[in-house]
Amino acid sequence: MSNSPFCTSWPASYTAAASFCFDLDAESAVLAFAPEASSRMSVMSHQSYGPLIGVPRLLAMLGRHGVKATFFVPGYSAHRYPDIVRMIVDQGHEIAHHGYLHEPLGEADEKMERSYLERGLEALDEVAGVRPVGYRAPMWELNYRSPAILAEYGFLYDSSLMDGDSPYELATGRDAESIIEIPIHWSLDDWEQYCYVPSLFEYGVIESPTKTREMWNLELEATTNEGGCFVLTAHPFLTGRPSRTNALSDVIEAAVAAPHVWVATMSEIANHVRSLGLERRILVEPRL
Ligand SMILES: [Zn+2]
């Protein structure tokens, strides 16, 4: 057994892992920082395309590959699209926590942070009867207080940090407690490839799905050849469009076809990592 604090062994004969995530942000990703945009019908329609059109297309694509994914669902999206969230659950995919109104945690005090968590938990329970074990911070903006709070609320894993190619036990700062961290990266997020909304997302672009597929396939191949865990994050309002779904489908096909790659949901990966008894990593906040 290796001394690495990162997960280096995978179930059965697999030597690497891959997981496909969808963040069901819809309107919440806009309204959290621009509430006045609620009256902009066209902007709202750009966001609602995700749950209404994107999710059914993506679910059909996942079904063709026999792949289960993880959907990070803000409570507000669950309340606004309960039937869509129930459709995701009915098809056997994992639902995880993604705030209530996609609130960034960088500026939140502890009381606010707890209220976002509680409101999100209530919404997922009300709509789908789900108690999620996973959490992803909106905009991937975690703070140093968050891991202990997540552990207190019973979360098994978080997926918001970028300091590894494979999952690890993240120390919460309280005794021997830890949560599993499943690292992500901006280059494996469709937002940077496709998110163009004038006057809201200033640096938005519309890249070719061919270029995006190439980037993601290169990273899938390289990460899994090194024994790591490839985690892709897509948004139904972006990747739910036809040619982009097809590009993602090709990446999923490559993962499924690779005999050494375990394609699993985030909670399956977290449970596996927990079973390994890895040494905890302590992340220290830089002080000025
Ligand atoms: Zn999000």
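**Entry 1: helices H2 and H10**

I looked up the handedness of the crossing of H2 and H10 and found that the crossing is right-handed. A crossing is right-handed if the near helix is turned clockwise from the far one by less than a right angle, and left-handed if anticlockwise. The model is predicted: local features need pLDDT of at least 70, side-chain atom pairs count only at pLDDT 80 or more, and totals for chains, interfaces and linings use all residues. Residues are numbered from 1 along each chain as its sequence is written.

I noted that helices (H or I, at least four residues) and strands (E, at least two) are DSSP runs, numbered from the N terminus. The axes of H2 (residues 41-65) and H10 (residues 242-257) come within 10 Å and cross at roughly 25 degrees. Axes are lines fitted to C-alpha atoms, for helices over the stretch in contact, and angles run from 0 to 180 degrees between N-to-C directions. H2 and H10 are therefore roughly parallel, the word for angles under 35 degrees; over 145 counts as roughly antiparallel, 65 to 115 as roughly perpendicular and the rest as oblique.

I then listed the residues that meet: Arg57, Leu58, Met61 and His65 from H2, and Thr245, Ser249, Ile252, Glu253 and Val256 from H10. They divide into four nonpolar, three polar and two charged. Ala, Val, Leu, Ile, Met, Phe, Trp, Tyr, Cys and Pro count as nonpolar, Asp, Glu, Lys and Arg as charged, and the others, Gly among them, as polar. Two residues are in contact if their C-beta atoms, placed from the backbone, lie within 7 Å.

**Entry 2: Glu27**

I located Glu27 in the loop between strand S1 (16-23) and helix H1 (28-31). Is Glu27 buried or exposed? Glu27 counts as buried because 25 C-beta neighbours lie inside 10 Å. The cut-offs are 20 or more other C-beta atoms within 10 Å for buried, 12 or fewer for exposed, and partly exposed in between, with C-beta atoms placed from the backbone. Leaving aside neighbours within four places in sequence, Glu27 is in contact with Met44, Gln47 and Ser48.

Ala12 has a positive phi, near 50 degrees, and is found in the segment before S1. Ala12 is exposed, because 5 other C-beta atoms lie within 10 Å. For His102, phi is also positive, near 55 degrees. His102 sits in the loop between strand S3 (94-97) and helix H5 (110-128), and is buried, with 27 other C-beta atoms within 10 Å.

I checked S8 (residues 229-234) and found six of its six residues buried. In a regular strand the side chains alternate between the two faces of the sheet. Both faces of S8 are covered, with Cys229, Val231 and Thr233 on one side and Phe230, Leu232 and Ala234 on the other. S8 runs parallel to S1, joined by six bridges; Ser19 has Val231 as its bridge partner. Two strands pair if DSSP finds at least two bridges between them.

**Entry 3: strand S6**

I found that S6 (residues 168-171) pairs with S7 (residues 178-181) in the antiparallel sense over four bridges. S6 is also joined by two bridges to S10 (residues 280-281), in the parallel sense. Which residues stand opposite Glu169? The partner in S7 is Ile180, and Arg280 is the one in S10. In the hairpin of S6 and S7, six residues lie between the strands, and Gly173 takes a positive phi near 95 degrees.
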